[in-house]
Amino acid sequence: MEQIDSRSAHRIEREFANGQLAHGVQARGMPFNCLIMGAAGRDFHDFLTFFRRRPEFVLRAFTATQIPFISERRFPTALAGPEYADGVPIHLEEELPELIRRYAIDFVFFAYSDIPYADLMHRQSIAQAAGASFVVLGPRHTELTASKPVVSVTAVRTGAGKSPLSQHLALALRSQGKQVAVLRHPMPYGNLEKQGVQRFATAADLDLHQCTIEEREEYLPYVEMGVPLFAGVDYESILRAAEAEADVILWDGGNNDLPFVHPDVSIVVADALRPGHELGFYPGEANLRRADIVVVNKVASAKPEAVKQVRDNTARVNPGAEVIEADLDVRVDDGARMAGKRVLLVEDGPTLTHGGMSWGAARVAADRHGAAAIVDPRPHAVGSIADTFAAYPHLGAVLPALGYSERQRAELTETIRACAPDLVIDGSPARIESLSPVPVVRVHYAFAQQSGRPVAERVIERLGKVG
């Protein structure tokens, strides 16, 4: 019997599921009113891959959370299609019960990531109390199928270390003569119509697309490496554009979301500083259970019993996965400048906020290089920065690098000025020098494998079996 490769099998599986579902629902002769709960990323992708092909489901609204300044927008007709002549409104998630009543919502589709299971079920209860059913779409109905081999790098939590590993793999694959294109999980916080398909190959592209701090910190390392990166809103078109110039597609995930493209090799990063989280957050556990390779990261800073707990949990739910241990190699441009200074720590925003971490690479660098004191930014925070500290009380004396809009970037600058440190230690990949009124010392971190056969060798070997 002829062998069917994983991409062909995935395509057949999706077509069967789609046809069966469409036939069963259309036979009832009624459209269902739907709402998608999102955070400007997975929600738009689910709409374009699932709803656009199923007229029996009519999307009445999105809700938005986690990301400031993205409500009161509309998903544009140019992307939504002519059936949505006025686009699709985006509301605050707090309005969910009222929206269910206003639009007579039948189904609420949940579509964002890195949420504790209890919080996910609270949202289900809110939807059901208002009369709606609650749905979470899976890979079969949302993953795209590529014509080129795909390596996905996802995680069990935000801030586990996906991007350093993805960058490591991009260089390794290129050293093997492969043309690599990176697809980055979406961060479309600006003009959605202009962000349909974005390609980043030079620093000028970041300015052209008016990238936020969060986008720059993810995109710039690839630009500096000379590896093209694609992002935006319409991932079907994004994938086709990447396929046109690449031998291998590398999916660099966001938060702990599932990949948007069906992977031939699935790598999942677990965090030894947050043992147990690999089984407590959606959809991180799903990633863990699907993984071919699990990287237990940050082992040098973790307790041995924490590393063991992550390994034991992995063995219990995915005994067939290959497991390796790794760390992040922290380097500083000029560490001697920190000695005896009052420093303000700036860390990656999403890692601190919905990632739940209270410190990162900047703290490691400050401790290592003898900073005299750490300035607490909380009494000096203004505007949305102050709101962030109120929303995430676990944050301590560390400033998240947030810049989703011009206003928020100005508030970040004002907060730094009010703190009046001798130095800012920038542990984010965002390059905040242009926003800081005081000198900045940059911290870099890179993937550093600690045990086992090199992960790049394992990936290249598995890709060879894909053909």
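Q: Given that helices (H or I, at least four residues) and strands (E, at least two) are DSSP runs numbered from the N terminus, where is the place of Ala 40?
A: Ala 40 belongs to the loop between strand S1 (32-38) and helix H2. The model is predicted, with local features requiring pLDDT of at least 70 and side-chain atom pairs pLDDT 80 or more, whereas totals for chains, interfaces and linings use all residues. Residues are numbered from 1 along each chain as its sequence is written, and side-chain values use heavy atoms, with hydrogens and water left out.

Q: What makes the phi of Ala 40 worth a remark?
A: Most residues other than glycine have a negative phi. Ala 40 is not a glycine, yet its phi is positive, at about 65°.

Q: Why does Ala 40 count as buried?
A: The term applies under 20% relative accessible area, with exposed meaning over 50% and partly exposed the range in between (1.4 Å probe, protein chains only). Ala 40 has 3% relative accessibility, and therefore counts as buried.

Q: Which features does Lys 298 have in its phi and its relative accessible area?
A: Lys 298, in the loop between S15 and helix H12 (304-317), has a positive phi near 65° although it is a residue other than glycine. Its relative accessible area is 9%, so Lys 298 is buried.

Q: Which peptide bond is cis, and what is its omega?
A: The bond joining Tyr 282 and Pro 283 is cis, with omega about -10°. Pro 283 is placed in the loop between strand S14 (281-282) and helix H11 (284-290).

Q: How many aromatic pairs does a search of the whole structure find?
A: The search finds 24. Rings of Phe, Tyr and Trp (its six-membered ring) pair if their centres lie within 6.5 Å; planes under 30 degrees apart count as stacked, over 60 as edge-to-face and the rest as tilted.

Q: Why is the pair of Phe 50 and Phe 51 called edge-to-face?
A: Their ring centres are 5.3 Å apart and their planes stand at 80°, so this pair is edge-to-face. Phe 50 and Phe 51 are both buried. Ring pairs link them into a cluster whose members include Phe 47, Tyr 84, Phe 107 and Phe 109.

Q: How do you know that Arg 157 lies over the face of Phe 281?
A: A charge sits over a ring if NZ of Lys or CZ of Arg is within 6 Å of the ring centre and within 35 degrees of the ring normal. Arg 157 is placed over the face of Phe 281 at 3.7 Å from the ring centre.

Q: Why are H7 and H17 oblique to each other?
A: Axes are lines fitted to C-alpha atoms, for helices over the stretch in contact, with angles from 0 to 180 degrees between N-to-C directions. Angles under 35 degrees count as roughly parallel, over 145 as roughly antiparallel, 65 to 115 as roughly perpendicular and the rest as oblique. The axes of helix H7 (residues 162-175) and helix H17 (residues 455-466) come within 10 Å and cross at roughly 60°; H7 and H17 are therefore oblique to each other.

Q: Why are H7 and H9 roughly parallel to each other?
A: The axes of H7 and helix H9 (residues 213-225) come within 11 Å and cross at roughly 20°, and the two helices are therefore roughly parallel.

Q: Why are S3 and S7 described as standing at the edges?
A: Two strands pair if DSSP finds at least two bridges between them. Six strands form an open sheet of mixed pairing in the order S3-S4-S2-S1-S5-S7. Strand S3 (74-75) and strand S7 (133-136) each have a single partner strand, so one side of each is left without a neighbour in the sheet. S3 and S4 pair in the antiparallel sense over two bridges, and Phe 75 has Val 88 as its bridge partner in S4.
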